[in-house]
Amino acid sequence: MIKKAAIVSLSFILGVTLSVAAHAKDGVDHAKKIINIAGYDSLTGKFGDYGITDQRGQQTAVDEINAAGGIASGPLKGYKLKLTFLDDRGDPQEAANVARQIAAGDYLVATGPTISTDALAATPVFNRAGVPNIITYSNADTLTRQGFNNILRLCYTTRNIAEYVASQVKNRFKKNTVAIISDNQSYGQQLMEGFEPAAKKLGIKIVSHSVTTPDQNDFKAMLMEAKLKNPGVLLIFMASYNAAGMIVQQARAIGFNVLIYLLDAETQPKFFTLAGNLNNIYIELPPTIDISRPAVQRLKTEWNKKYPGFPALSGVYGYDAIKLVAAVIEKGGITRASFIDTMHGIKMEGLANPEYAFAKDGDASTLPPFVTEKCQTYYDTIIKKTQN
């Protein structure tokens, strides 16, 4: 009886194990030859343009891959990609809810988001559930300091950006004093954490620092305070392109004609509409995307089938993220676990980065140097020119 009971018990355990394995939520439908991917970003709210552009970039890459026959090689050759995109509304609590929904759902990998605060809320959920996450355009330095092995990040970190900005203030603009307006989100505050020691090392004095809240739209008091300090440069450390545009507009309205230095977060077209006069304004950027490259032309061709112009950086990173997902799948990342095991060894040509490769912590190990351009030049050569 004992032996028979042991056999029954073993059979039951084996049956349960096989049942769980058969229903493992790895996002691959072998019957339909479909691979399910979950994108997430802010589609509504104050950061909606970021998320919409990210979604469009991801969907453009999905459509391009599927039109070419699906996954090009490997065990899932010929399988098509299906993107489901969820709205985290630019709210960290909702981002955590979205992450739980993705973790419990039938998705191979999560792609996104743009807002660092949302990424910081979502990534622990993904890590606990063993969901790989390709972070498209969230810069917060702490994202990859959490010790998680399931993250790859495509873009620069806040520390990369802050140290470069400090060097430009000192070496390009030849200024020793700055006023700063930063947001109270992870993006702005971690930029400050990186900038302060870099500025001190270079002998740059922060004469004024004001912190904004997400719903703020009147910045005149902050700007007047900064103006009275007579800084050499006004730095805007903002995730919100709308707020940054209003700051520039209001600065000029009060006669504060200081040199203004912005970050690549302000590449959304709405910033330029709100800012108005771009005189004496500069912007930090990854190297301007070479529109003559065949791969870039292919993105523009596919993008223009549905949308005008050329995507802002959140869209380019979204596009690259899906191409990276396909590359990992081709190398054997066909379950959540095998995807995580495979993704760190991937090297791939990209658009925002000519070649992606990744360090152990998940950050890109090869990043091209930043450039600084006049805002007017960027508007004329990228925003205005590519709207045709």
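This is a predicted model: local features need pLDDT of at least 70, side-chain atom pairs count only at pLDDT 80 or more; totals for chains, interfaces and linings use all residues.

**Stop 1: the strands around β2**

Select residues 34-41, which form strand β2. Of its 8 residues, 7 are buried, so the strand is largely enclosed by the rest of the structure.

Valine 28 has isoleucine 35 as its bridge partner in β2. Between the two strands of this hairpin are 4 residues, and lysine 33 takes a positive phi near 55 degrees.

Next select residues 80-87, strand β3, which is joined to β2 in the parallel sense by 8 bridges. Here isoleucine 35 has leucine 81 as its bridge partner. Show residues 48-67 as well: this is helix α2, and together with β2 and β3 it makes a right-handed β-α-β unit.

Alanine 110 in β4 stands opposite alanine 38.

**Stop 2: the sheet of 6 strands**

Move on to an open sheet with mixed pairing, whose strand order is β8-β7-β9-β10-β11-β14. Its edges are β8 (205-212) and β14 (371-374), each of which pairs on one side only. From one strand to the next, the twist averages 20 degrees.

Inside this sheet, select β10 (residues 259-262) and β11 (residues 281-285); they run parallel and share 3 bridges. Leucine 262 is found opposite isoleucine 283 in β11.

Now show two helices. Residues 220-228 are helix α7, which lies across β7 (177-183), β8 and β9 (233-237) and runs at about 175 degrees to β8. Residues 241-253 are helix α8, lying across β7, β9, β10 and β11 and running at about 180 degrees to β10.

**Stop 3: the nonpolar cores**

Which residues have the most contacts inside the largest nonpolar core? Select Ile134, Phe195 and Leu235 to see them; the core has 109 residues. Helix α11 (residues 313-330) gives the most to this core, with 12 residues.

Center the view on phenylalanine 195. Setting aside neighbours within four places in sequence, phenylalanine 195 is in contact with several residues, including Val178, Ile180, Ile206, Leu235 and Phe237.

Finish at a second, separate core of 13 residues, where Tyr40, Ala110, Ala122 and Val125 are among the members.

Technical notes. Residues are numbered from 1 along each chain as its sequence is written. Side-chain values use heavy atoms; hydrogens and water are left out. Two strands pair if DSSP finds at least two bridges between them. Axes are lines fitted to C-alpha atoms, for helices over the stretch in contact, and angles run from 0 to 180 degrees between N-to-C directions. Contact means heavy atoms within 4.5 Å. A nonpolar core is a set of buried Ala, Val, Leu, Ile, Met, Phe, Trp, Tyr and Cys residues joined through side-chain atoms within 4.5 Å. Buried means under 20% relative accessible area, exposed over 50%, partly exposed in between (1.4 Å probe, protein chains only). A crossover is right-handed if, with the strands pointing away from the viewer, the path from the first strand over the helix to the second runs clockwise.
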